[in-house]
Amino acid sequence: MKSFLSRLINSIYSIYVIALFFLFTPLVLAFYLLILPFPTNTRMRLIYKCHWVWISTWAVLSGIRMEVQGNEKLDRKETYVFLPNHNNLLDIVLAGSRIQHPFKPLAKRELLRIPLLGQLFALAAIPVDRSSKESRARSFEVMVAAVKKGTSILIFPEGTRNRTDAPLKDFFDGGFRLAIAGQVKIIPVILLHVRKLQPVGTFRIFPGKVALHFLDPIDVSGLTESDTDNLKSSVFYHGSLHSEK
């Protein structure tokens with residue numbers, strides 16, 4: 001009986017948290033449309049401020065606490081490729097509201113189909129069809145152009161959510177090739193405790209604390225595409241040391 005009651009309470013709580021999140025999306029979408037004419041970096045800074053207010057309010061009302069460490073390692077004048085680990089949808093919420101740099105995330109095209117949230121991604125992200133070589137190539141060109149104009153990019157190097165017991169899945173090359181092509185620094189980002197709040201393979205959500213840690217910037221000056229594998233291995237090893245086991 002106690003187990004059934006616990007599951008029932010958590011189900012009600014999870015529905016409340018998800019509904020509360022989507023309650024704000026029409027207002028956020030209206031704000032996105034309002035600032036659409038602004039220059040890209042100005043628009044992305046305003047989007048960050050909007051996300052900070054939105055997600056902070058949602059988190060307080062949901063009983064979720066968010067901690068950020070390592071902000072002092074970032075230079076506001078620099079352009080970066082942010083590479084966070086990926087476990088579930090809370091990763092997107094946490095990273096999207098706590099990275100203060102003007103940045104655009106690379107988003108799989110499937111996310112654009114989510115009502116309202118998909119429209120937000122369409123306006124703020126760089127979409128990619130992972131099954132299409134042509135789409136991946138176009139997205140890469142867009143990202144290279146963006147970093148050269150001073151807009152940082154966020155890519156989940158694992159590609160998809162990590163459903164394994166390992167702290168990290170194998171990385172794809174894209175984020176590392178991008179950093180080398182644009183000659184911008186990499187910021188490994190470690191998201192902690194998200195699996196405790198949203199277990200793998202479920203929409204159940206629990207209250208608690210999640211954390212985002214910026215690791216030391218990695219300089220790629222002088223590296224070429226032939227250095228991609230070594231760079232990827234180095235970042236993977238570095239990230240594994242700080243990720244949850």
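Predicted model: local features only at pLDDT ≥ 70, side-chain atom pairs only at ≥ 80, totals over all residues.
The largest nonpolar core comprises 43 residues. Within this core, the residues with the most contacts are W58, I64, F82 and F214. Helix α3, spanning residues 40-62, supplies the largest share of the core, namely seven residues. Apart from this core lies another, made up of 22 residues, with F140, I155, F171 and V220 among them.

I would like to look at F82 in more detail. Setting aside neighbours within four places in sequence, F82 is in contact with L74, I99 and H101, with the run S152, I153, L154 and I155, and with I187, V189 and F214.

As for its surroundings, the side chain of N162 reaches the backbone oxygen of P167 at 3.4 Å. Not counting residues up to four places away in sequence, N162 touches H86, N87, P167, L168, K169, R195 and V200.

Which residues of α7 are buried? They are G175, F176, L178, A179, I180 and G182. The cover over these buried residues includes the strands β2 (80-84), β5 and β6 (185-192), together with the helices α6 (133-148) and α9 (228-242). Finally, α7 is followed by Q183, a residue with a positive phi, near 50°.

Notes:
Residues numbered from 1 in each chain as written. Heavy atoms only, no water. Core = buried A, V, L, I, M, F, W, Y, C linked by side-chain atoms within 4.5 Å. Buried < 20%, exposed > 50% of the residue type's maximum accessible area, 1.4 Å probe, protein only. Helix = DSSP H or I, 4+ residues; strand = E, 2+ residues; numbered from the N terminus. Contact = heavy atoms within 4.5 Å. Polar contact = N/O pair within 3.5 Å; in protein donor to acceptor, adjacent residues only side chain to side chain.
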